[in-house]
Amino acid sequence: MYRQGMKLYTHAPSANGWKVEVALAQLGVPFERIDVAIFRGGSHTPEFLRKNPAGSVPVLELDDGTCLPESNAILWHVTRGTWLQPEDAAAQARALGWLMFEQNQIEPVIGSARYWKLTGRDRGREDELRRRVEQGARALRALDGHLASRDWLVGDRYSLADIAVYAYGHVAPDVGIDLAATPAVARWFARVEAQPGWFPGPAPYGADAMIG
Ligand SMILES: N[C@@H](CCC(=O)N[C@@H](CS)C(=O)NCC(=O)O)C(=O)O
């Protein structure tokens, strides 16, 4: 069974890494977890860059040495053929659409703004921070419209799409986005958190992440 030897290179404060860990936990798939000290250059060593030239976590290394970077690509791979991935082609395309929405409108928007704000990188970037917070609030309003009449992002059950969008979506209050404006999103966060095997994440940033 190829999954027995999987290694996940990650870092606890990364919600991208958390996505993969929670999916593997909910699927009951064993893996070796390797923490990469990304704020001390751990993801830019020659050895790590051979695993992911982009120098970022998470990376999933399969037991044959194949390395898969990009959290949502990893999610897609580990959920293939499982209850966490829709079966029919149109529903799979819808799930992919949400994974792309997350990488366009959530992770580089709410995720980046939160990273700057919580680690002291917001100084000198106040206008850009404000723009990202506004863009993140708009993304959550779009999500709210979708979730107003349904429980889950795709079809009628929890899937990898919910995991991906929740990861950096649910930390929106850290950048001052008020969830009272998006009640359907707030209810959906609670439903995600009630799923068996769910655990809280990401971990708080450590002292090594702070500047200034
Ligand atoms: N689009 C990528 C983003 C990965 C990413 O930005 N990872 C961050 C942690 S959340 C990282 O490793 N940063 C360290 C670096 O880029 O040097 C994904 O979804 O996996």
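## Helix H5 and its cover

The buried residues of H5 are covered by elements that include helix H4 (89-119), helix H6 (160-169) and helix H7 (183-193); contact here means heavy atoms within 4.5 Å. Helices are DSSP runs of H or I with at least four residues, numbered from the N terminus. The model is predicted: local features need pLDDT of at least 70, side-chain atom pairs count only at pLDDT 80 or more, and totals for chains, interfaces and linings use all residues. Residues are numbered from 1 along each chain as its sequence is written, and side-chain values use heavy atoms, with hydrogens and water left out.

Among the buried residues of H5 are Leu129, Val133, Gly136, Leu140 and Leu143. Buried means under 20% relative accessible area (1.4 Å probe, protein chains only). An α-helix has 3.6 residues a turn, so residues three or four places apart point the same way.

## His170

His170 sits in the loop between H6 and H7 and is buried, at 17% relative accessible area. A polar atom of its side chain is 3.1 Å from the backbone oxygen of Ala167. Leaving aside residues up to four places away in sequence, His170 touches Phe189, Glu193, Gly201 and Pro202.

## Val22

Val22 belongs to helix H1 (residues 15-27) and is buried, with a relative accessible area of 0%. Beyond residues up to four places away in sequence, Val22 touches Ile163, Gly197, Trp198 and Phe199.

Methods: Helix = DSSP H or I, 4+ residues; strand = E, 2+ residues; numbered from the N terminus. Buried < 20%, exposed > 50% of the residue type's maximum accessible area, 1.4 Å probe, protein only. Polar contact = N/O pair within 3.5 Å; in protein donor to acceptor, adjacent residues only side chain to side chain.
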